[in-house]
Structures are given as structure tokens and as C-alpha cells.
Amino acid sequence: MVNPHDSSTPPSSISPASKIVLYSNWQSSCSWRVRFALNLKGLPYEYKAVDLAKGEHLTPEFEKLNPLHLVPVLVDGDFVVSDSYAILMYLEEKYPENALLPVDLRLRALNLQAANIISSSVQPLVMLGVLKLIEEKVGPEERLSWAQYNIDKGFIALEKLLKNSSGKYATGDKIFMEEERKRRNDYILTTEDLRTQTNRRCHLQADVFLAPQIAIAARRFNMDMSKYPTLSMIFESCKALSEFKASLPERQPDAIQ
């Protein structure tokens, strides 16, 4: 269970009416995205580990949660949603505080495009099941080269896409309160708002998808990130956040050190 008094867990000012439960695996990049997003939005949640090595995702019980037998799965009260992209969109609509999508239509589209490159054109091609199939059909020597080729293709596209729009993060720096006021059609920032919110930056959905994938690309697939300076800068910014640190694989209760 995420503990607001634990120094590893970012403090939360939001208390959902229903308890949020996240079925996760510490090594899953898709689960990592959701953990990062929940932390950024300040939403407390219960962590339920799914041991993929033991096949817990293949049980009839888990199939009721997700017929595809994949993590993550989020349970919010009596509602169940799987797939990290769908989960993040649900959280954004259900819990609009600390928005992960900007109000500006073009920036919103850019965020969704970047997130979708990761979720549909990079991660599915390097997930464990695909790599095992490549190894079986082609040979173990092709496993790494396949992963590196597809990651490089996606990262080159993201580098070009975000090069002229990124700031500290994927699409610049925004203040949470400014975004929330606009969402409510209230453009007035009080002095107290400015004093308490000036240092809180809006970390957007693109960052939530990018940061875990970049970390895994470097750690697991030996990608040379110096080839992607924009993505590297975004990752370094995310890496410094307490919300990102709390979402790290090695910080999860099911992590194997």
C-alpha cells in the first residue's frame, strides 16, 4: 500500500472516494508508466504484485481482470480497466487534478502522439513475449539487434517530433495550477496560488511514457542515449523527481534485488 508517510512515496492531497488498486509487476514498463502517473497526480493506491515468472497473470482469476493476461490493471472501486494508455486516459478524466494533458489542443495532440509512439510502435515490439518468439524463430543472436533496431526507429522519430517543442520536459514547463484553472474556465490566479504553486511543474503524459521506456532502453538493451539529446534531457529532468524515484522498479515491493 502506498504510504503517505513513507519518504519513498510522494505526499498526496487527493483522496479518491474509492480505493485504487494497481495490479503491477516491477519489471513491466507499462506498469511503471502508471505508477509514475499515479504519483504525479498524487493519487494513493494499493500495489498488488503479479508474479509473471510464476504465471500468475495466466490464472482464471486474473483473466477476469484482463482477458489478455497483461499488466497493468487498475481497479477503481467497482470499475476495472487494463492497458496503460487506457488507464492514464481514465485517470485524467476521473481525477483532473494535477493534469497530465495540457489544455492547448496542439500540445495535447503532440503529447498523445509521443505517448502513442511508445505504446504502439516501440514497447510492443520489445516486450518479453515478442523477444522470446524472435529468439525461437530466428536465433538468440537476433534478439538484441531486433530490440535495438525498433527502439532506435522510435527514438529517432520522437527526437524529431519533440526537438522544437521540448523544454525541461517533453512539451515545456507548465504550472499545475494554471492548467487546472483553465480546465475550469477560471483564469484568475490568486497570490496564494502563485506562492504555493510556482515551483510545481506540469509533467505531461508524454513524459510518463518516455521516461520509463528510456530507462529500460539504456539498462536492458544497451542503447546509446547520446544519439538522442532531446530524449536524454527529458529523462534527466524526470529522473530527479521524487514521483519518478518512487516509481522505480527496484523500489517496488515485488522487486528482486
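Predicted model: local features only at pLDDT ≥ 70, side-chain atom pairs only at ≥ 80, totals over all residues.

Mentor: Glutamate 92 is buried, with a relative accessible area of 1%.

Trainee: Where is the place of glutamate 92?

Mentor: Glutamate 92 sits in helix α3.

Trainee: Which side chain does the side chain of glutamate 92 make a polar contact with?

Mentor: That of lysine 41, at 3.2 Å.

Trainee: And how far apart in space are glutamate 92 and glutamine 205?

Mentor: Their C-alpha atoms are 9.6 Å apart, while 113 residues separate the two in sequence.

Trainee: Switching to α4. What should its 18 residues span?

Mentor: Helix α4 runs over residues 105–122. At 1.5 Å a residue, it should span 26 Å. Its end C-alpha atoms are 25 Å apart, so the two values agree.

Trainee: Where does α4 bend?

Mentor: At asparagine 116, by about 25°.

Trainee: What happens at the start of α4?

Mentor: A side-chain oxygen of aspartate 104 comes to within 3.1 Å of the backbone nitrogen of arginine 106.

Trainee: Which residues of α4 are buried?

Mentor: Leu110, Asn111, Ala114, Ala115, Ile117, Ile118, Ser119 and Val122. Why the spacing? An α-helix has 3.6 residues a turn, so residues three or four places apart point the same way.

Trainee: What do those buried residues pack against?

Mentor: Four helices: α1 (29–40), α3 (84–94), α6 (141–162) and α9 (205–221).

Trainee: Now the core. Which residues touch the most other members of the largest nonpolar core?

Mentor: Leu38, Leu74, Phe155, Leu210 and Leu231, out of 57 residues. At least two residues each come from β1 (20–24), α1, α3, α4, α6, α9 and α10 (229–239). The most come from α9, with 10 residues.

Trainee: What does leucine 210 touch?

Mentor: Leaving out residues up to four places away in sequence, leucine 210 touches Ile118, Leu158, Leu162, Ala170, Leu231 and Ile234. There is also a second, separate core of 8 residues, with Val21, Tyr23, Val73 and Val75 among them.

Trainee: Last topic, cysteines. How many disulfides does the structure hold?

Mentor: The count is 0.

Trainee: Is cysteine 30 buried or exposed?

Mentor: Cysteine 30 is buried, because its relative accessible area is 11%, and the cut-off for buried is under 20%. Cysteine 238 is buried too, with a relative accessible area of 0%.

Note on methods
Residues numbered from 1 in each chain as written. Heavy atoms only, no water. Expected span 1.5 Å × (residues − 1). Bend = angle between axes of the 7 residues up to and from the residue. Buried < 20%, exposed > 50% of the residue type's maximum accessible area, 1.4 Å probe, protein only. Contact = heavy atoms within 4.5 Å. Polar contact = N/O pair within 3.5 Å; in protein donor to acceptor, adjacent residues only side chain to side chain. Disulfide = S-S within 2.5 Å. Core = buried A, V, L, I, M, F, W, Y, C linked by side-chain atoms within 4.5 Å.
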